[in-house]
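Me: I have just opened this structure and am new to it. Please take me through it step by step.

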Amino acid sequence: MKQITIAIDGHSSCGKSTMAKDLAKEIGYIYIDTGAMYRSVTLFALQNGLITDAGIDEEALRQRMAEIVITFSLNEKKGRPDTYLNGVCIENEIRTMEVSKYVSPIATLSFVREALVDMQRLMGAAKGVIMDGRDIGTVVFPDAELKIFVTASTDVRAQRRYDELTAKGEICSLDEIRANIIERDRIDSTRAISPLRKAEDAIVLDNSNMTIAEQKVWLLEQYHRATAE
């Protein structure tokens, strides 16, 4: 069976990463969480005082981008890859509300996007890869053989995110999460560089009322169709 590139784009908290990880495991592809890469840059900025109440120190972050090395390593216990920043596993740290608050503004910075897109293209050059994010099918891999655009209602996404965070023991507010999702959608969709939008040839998946099992069946059908063409 031929190897292809699978691009999964869509709104925040739609479960893109979960479905991409599961599909990659099922078909033996490499999974790359591009959202985790932007979260890693955001965490680096937070850890190094480059984000304050005054905003993001863009010039300082630009000068320090070369210090940021993002890698992925398979977690044998979970059967999924963990994200590493400069050799340190940060999988839990990048999923907090603090990082979520700043990741969309960080992702609007042209020098951040250029650096990460270059990394992503290198990672996926050999095909047999699944990437999820905001601009995979439109910018990173516009020639991907299978493009999926995922969406869900704001309330459903907020509840999913709330459940995910509380399961990890994080104290959070459903209203705050909903407001964060609305703001991230606004920033992602209106930024000047690589805004979130559906590629013309992408297949839309509204998973508001779907179970993970139903999503898996649907994704496998799309994969088999794309590899048979």
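Me: Is Lys127 buried or partly exposed?

Reply: Lys127 counts as partly exposed, because its relative accessibility is 35%. Buried means under 20% relative accessible area, exposed over 50%, and partly exposed in between, with a 1.4 Å probe and protein chains only.

Me: Before we go on, what sort of model is this?

Reply: It is a predicted model, in which local features need pLDDT of at least 70 and side-chain atom pairs count only at pLDDT 80 or more, while totals for chains, interfaces and linings use all residues. Residues are numbered from 1 along each chain as its sequence is written, and side-chain values use heavy atoms, with hydrogens and water left out.

Me: Back to Lys127, then: which side chain meets it in a salt bridge?

Reply: Glu145 does, at 2.9 Å from N to O. Glu145 counts as partly exposed because its relative accessibility is 32%. A salt bridge here is a side-chain nitrogen of Lys or Arg within 4 Å of a carboxyl oxygen of Asp or Glu. Helices (H or I, at least four residues) and strands (E, at least two) are DSSP runs, numbered from the N terminus.

Me: How many salt bridges does the structure hold?

Reply: There are 15. One of them joins Asp135 and Arg113, whose closest N and O atoms are 2.7 Å apart. That pair links distant parts of the chain, with Asp135 in the loop between β8 (129-133) and α6 (136-140) and Arg113 in helix α5 (residues 110-123), 22 residues apart. Both Asp135 and Arg113 are buried. Elsewhere, Asp33, Glu91 and Arg95 are linked in a network of salt bridges.

Me: What about Arg184, which is buried yet has no salt bridge?

Reply: Arg184 is found in helix α8 (residues 174-190). Its nearest side chain of opposite charge, Asp188, is 4.8 Å away; Lys and Arg count as positive and Asp and Glu as negative, while His and the chain ends are not counted. Asp188 does form a salt bridge with Arg191, the closest N and O atoms being 3.4 Å apart.

Me: And what does Arg184 touch?

Reply: Not counting residues up to four places away in sequence, Arg184 touches Ser12, Arg39, Ser100, Val103, Ser104 and Arg134. Contact means heavy atoms within 4.5 Å.

Me: New topic: the sheet. In what order do the five strands run?

Reply: The order is β2-β8-β1-β9-β10, in an open sheet with parallel pairing. The edge strands, each pairing on one side only, are β2 (30-33) and β10 (203-206). Two strands pair if DSSP finds at least two bridges between them. Five bridges connect β1 with β8, and five join β1 to β9. Thr5 stands opposite Val129 in β8, and Gly10 stands opposite Val150 in β9.

Me: Why is β1 described as largely enclosed?

Reply: Six of the six residues of β1 are buried, so the strand is largely enclosed by the rest of the structure. Both of its faces are covered, with Thr5, Ala7 and Asp9 buried on one side and Ile6, Ile8 and Gly10 on the other.

Me: Last topic: which residues touch the most other members of the largest nonpolar core?

Reply: They are Val41, Leu61, Ile68, Ile106 and Val112, in a core of 36 residues. Two or more residues come from each of α2 (34-47), α3 (58-64), α4 (97-107), α5, β8 and α6. α2 gives the most, with eight residues. A nonpolar core is a set of buried Ala, Val, Leu, Ile, Met, Phe, Trp, Tyr and Cys residues joined through side-chain atoms within 4.5 Å.

Me: What is Ile68 in contact with?

Reply: Leaving aside neighbours within four places in sequence, Ile68 is in contact with Val41, Phe44, Leu61, Leu85, Asn86 and Met119. Apart from this core lies another, of 22 residues, including Ile6, Val150, Ala152 and Ala226.
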